[in-house]
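Biologist: I would like to learn how to read a model of this kind, one feature at a time. Please take me through it.

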Amino acid sequence: YLLVDRAHGAEGFEINLNGTARLPETPDYNTVRDLEVCDDDANVDGFHSFDLASHASTIVSGHPDSEVSFHASLGDANLDQNNLPNRYTNTRVNTQTIYARITSRTGPCSSIEEFDLIVNPIPAYDNPDQLYICNASGIENYDLTALNGQITQEDTEVDIAYYRSSIDAFTNRGAITAVDVPQSGIEIFFTIRSNATSCAVT
């Protein structure tokens, strides 16, 4: 911008400028995205620990002349004060807005971006009681999908899968829909996964 102070007269005029002006560059950085986790820690309460150090690395990846700090308020980000720690637990249940201050290492310029910390709930479910099958012949084939509605509480926004072992359930390997039940009985494991968030419980 050019400011002309106390001009005199009503006629046109010319301004001749010589030389160059060098303006400081704004920092380069990648798109700042929301951080989402599943509420699968010991306390299912809408709070979770977030790795802000890893998020900072993602934001400035490929841009070594930029650095990031995180702040809980826009005012703190503007004043570059009260930086959040690398490992941070949200203080507002389920969703909290955080401000990223991206600063150039080679100049005075900075940019501020906001993003959300999101704690997604794990799917609700009902654990079925033990099932008894009356069959004197010894082995009975049981259709596990008959339990879907009871376990998922008729929630159509989740998927359920059954497994023969807890390892298969945690690794999402070898899902089954039916099982041969011997007279001695058999233990079956299941995983419920949200279609919206991919959060799961086993």
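**Reading the model**

Modeller: The largest pocket holds about 850 Å³ of space. This is a predicted model, in which local features need pLDDT of at least 70, side-chain atom pairs count only at pLDDT 80 or more, and totals for chains, interfaces and linings use all residues. Residues are numbered from 1 along each chain as its sequence is written, and side-chain values use heavy atoms, with hydrogens and water left out.

Biologist: How is a pocket found, and which residues are the closest to the centre of the largest pocket?

Modeller: Rolling a probe the size of a water molecule over the atoms shows where empty space is left. On a 1 Å grid over the protein atoms alone, a cavity is a set of points where a 1.4 Å probe fits but cannot get out, while a pocket is an open set with protein on both sides within 12 Å along at least five of seven lines; lining residues have an atom within 4 Å of a point. Grid points are joined across faces, edges and corners, and a volume is the space filled by probe spheres set on the points. Here 29 residues line the largest pocket, and Gln130, Leu131, Ile186, Glu187 and Ile188 are the closest to its centre.

Biologist: How do the residues of the lining divide into nonpolar, polar and charged?

Modeller: Ala, Val, Leu, Ile, Met, Phe, Trp, Tyr, Cys and Pro count as nonpolar, Asp, Glu, Lys and Arg as charged, and the others, Gly among them, as polar. In the lining of the largest pocket, 18 residues are nonpolar, eight polar and three charged. Strands S7 (140-143), S9 (178-181) and S10 each supply at least two residues of that lining.

Biologist: How many helices and strands does the protein chain have?

Modeller: Helices (H or I, at least four residues) and strands (E, at least two) are DSSP runs, numbered from the N terminus. The protein chain has four helices and eleven strands.

Biologist: In what order do the strands of the open sheet stand?

Modeller: Two strands pair if DSSP finds at least two bridges between them. The open sheet has three strands in the order S8-S10-S11, and the pairing is antiparallel. S8 (158-163) and S11 (200-201) are at the edges with a single partner strand each, so one side of each is left without a neighbour in the sheet. Six antiparallel bridges connect S8 with S10 (residues 189-194), and Ile160 has Ile192 in S10 as its bridge partner. Elsewhere, S7 and S9 pair in the antiparallel sense over four bridges, with Asp143 bridged to Ala178 in S9.

Biologist: Which residues does the disulfide join?

Modeller: A disulfide is a pair of cysteine sulfur atoms within 2.5 Å. The structure holds one, joining Cys38 to Cys199 with an S to S distance of 2.1 Å. The pair links distant parts of the chain, 161 residues apart: Cys38 is in S1, and Cys199 is in the loop between S10 and S11. The torsion about the S-S bond is about -95°, so the disulfide is left-handed. Cys199 is buried, at 0% relative accessibility.

Biologist: Where is His55 found, and what is His55 in contact with?

Modeller: Contact means heavy atoms within 4.5 Å. His55 is found in helix H1 (residues 52-60) and is buried, with a relative accessible area of 7%. Leaving aside neighbours within four places in sequence, His55 is in contact with Val32, Arg33, Leu35, Phe70 and Phe115.

Note on methods
Buried < 20%, exposed > 50% of the residue type's maximum accessible area, 1.4 Å probe, protein only.
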